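Thanks, everyone; I would like to take a few minutes to go through one model, with its pockets and then one of its sheets. Please have a look at it before I go on.

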Amino acid sequence: MRLLHTMLRVGDMQRSVDFYTKVMDMRLLRTTDRPEQKYSLAFVGYGAESEHAVIELTYNYGVDKYDLGGGYGHIAIEVPDAAAACERIRTSGGKVTREAGPVKGGSTVIAFVEDPDGYKIELIERRAA
């Protein structure tokens, strides 16, 4: 078995694609529009779907906002330098919700950013080998 993708419902497809490609440096891998079913999909990620888990962005026609609820947590992305990633994301128009620093009770450096729909993204600093 292999993890394929995580699906996020988004309120504005172009806004979300711009965030994940321009702010988070992912690539737009493919899109699908299903007008008869009233939805569009965009797959974004850091590598080909055949080798990497990706994010499926789903826009349902006419729905511009979702209640995220209390069950969903976050997506985690490994970065070489969490503080530098926060600065680059902030400069690119992204929202940093927790600055880089050690996780409570530990030494792993993490940070959190938020996408345009309010989904949390944890940045986890890669430990030196």
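Which residues line the second largest pocket? They are Met24, Asp25, Tyr46, Ile77, Val79, Pro80, Asp81, Ala85, Arg88, Ile89 and Leu123. A word on the basis: this is a predicted model, in which local features need pLDDT of at least 70 and side-chain atom pairs count only at pLDDT 80 or more, while totals for chains, interfaces and linings use all residues. Residues are numbered from 1 along each chain as its sequence is written, and side-chain values use heavy atoms, with hydrogens and water left out.

By pocket I mean, on a 1 Å grid over the protein atoms alone, an open set of points where a 1.4 Å probe fits, with protein on both sides within 12 Å along at least five of seven lines, and lining residues have an atom within 4 Å of a point. The second largest pocket has a volume of about 160 Å³, the space filled by probe spheres set on points joined across faces, edges and corners. Helix H2 contributes the largest share of this lining, three residues; helices here are DSSP runs of H or I, at least four residues, and strands are runs of E, at least two, numbered from the N terminus.

The largest pocket holds about 270 Å³ of space, and of its 17 lining residues, the closest to its centre are Ala53, Val54, Ile55, Ile75 and Ala76. Strand S5 gives the most to that lining, with five residues.

S5 also belongs to an open sheet of four strands, in the order S5-S8-S7-S6 with mixed pairing, where two strands pair if DSSP finds at least two bridges between them. S5 (74-79) and S6 (95-102) stand at the edges with a single partner strand each, so one side of each is left without a neighbour in the sheet.
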